Amino acid sequence: MDWGAVGWLIGGVGLGAGLLLFAAMRGRKGERRVQAVGLIVAGLIYVGFAAWSADPIWIVIEGVGTAIFAALALAGVRWSAWPLALGWALHPVWDAALHLAGAGAAVAPPGYVLVCVSFDLLVALRVTLTELSERGAGLRERTLRLETNR
């Protein structure tokens with residue numbers, strides 16, 4: 001077992017927990033906004049790595065990825081948390097496919113990619129569970145109103 005990799009993954013969980021705590025202190029709407037900004041920043045960090053590598057093709061690739069994740073983040077704030085959850089769930093796929101196993105391995109440091117994978121998955125889980133919980137609460141509320149109106 002590569003204990004160095006485990007350490008990076010644990011670090012990502014710790015940082016993700018910090019973001020989630022910060023977000024939760026902003027109330028429900030503020031929480032989702034912080035999560036959305038976090039997803040956009042996660043993409044922009046890779047643009048920064050690409051710029052540092054001075055490879056114009058990777059700057060474009062990471063820019064396109066950031067635009068996709070930004071669109072999901074903004075949709076998550078405006079309409080439903082599901083696009084935001086999807087963005088956070090897909091970002092570690094982007095991280096691993098491009099930067100651990102793919103041609104972008106020279107662009108981003110592997111330790112950072114591992115931090116990002118566990119960070120992203122933790123945030124995706126929180127967004128998903130919050131949305132499921134809110135939908136469940138809404139369903140219970142509607143059911144109670146229906147029963148009361150009988």
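**View 1. What's tucked away and what's on show.** In this predicted model, buried residues make up 39% of the 150 residues in the protein. The accessible surface comes to about 8,500 Å², and carbon and sulfur atoms hold 73% of that area.

**View 2. A run of helices.** Walk along the protein from the N terminus and the elements read α-α-α-α-α. That's five helices and zero strands. As for who touches whom, take the contacts in the protein with a separation of 6 or more: residues 24 or more positions apart account for 70% of them.

**View 3. Helix α2 alongside helix α4.** Here we zoom in on α2, residues 27-53, and α4, residues 81-100. Two packed helices are described by the angle between their axes and by the distance between those axes. For α2 and α4, the axes come within 11 Å and cross at roughly 20°. Angles under 35 degrees count as roughly parallel, so α2 and α4 are roughly parallel to each other. The crossing in which α2 passes α4 is left-handed.

**View 4. Where α2 and α4 meet.** Which residues of α2 and α4 make the contact? On the α2 side, look for Arg-32, Gln-35, Ala-36, Gly-38, Leu-39, Ala-42, Gly-43 and Tyr-46. Sorted by class, the contact of α2 with α4 has seven nonpolar, six polar and two charged residues.

Definitions and conventions:
Residues are numbered from 1 along each chain as its sequence is written. This is a predicted model: local features need pLDDT of at least 70, side-chain atom pairs count only at pLDDT 80 or more; totals for chains, interfaces and linings use all residues. Side-chain values use heavy atoms; hydrogens and water are left out. Axes are lines fitted to C-alpha atoms, for helices over the stretch in contact, and angles run from 0 to 180 degrees between N-to-C directions. Helices (H or I, at least four residues) and strands (E, at least two) are DSSP runs, numbered from the N terminus. Angles under 35 degrees count as roughly parallel, over 145 as roughly antiparallel, 65 to 115 as roughly perpendicular and the rest as oblique. A crossing is left-handed if the near helix is turned anticlockwise from the far one by less than a right angle, and right-handed if clockwise. Contact means heavy atoms within 4.5 Å. Ala, Val, Leu, Ile, Met, Phe, Trp, Tyr, Cys and Pro count as nonpolar, Asp, Glu, Lys and Arg as charged, and the others, Gly among them, as polar. Buried means under 20% relative accessible area, exposed over 50%, partly exposed in between (1.4 Å probe, protein chains only). Accessible areas come from the Shrake-Rupley method with a 1.4 Å probe; for residues, only the protein chains shown count as cover.
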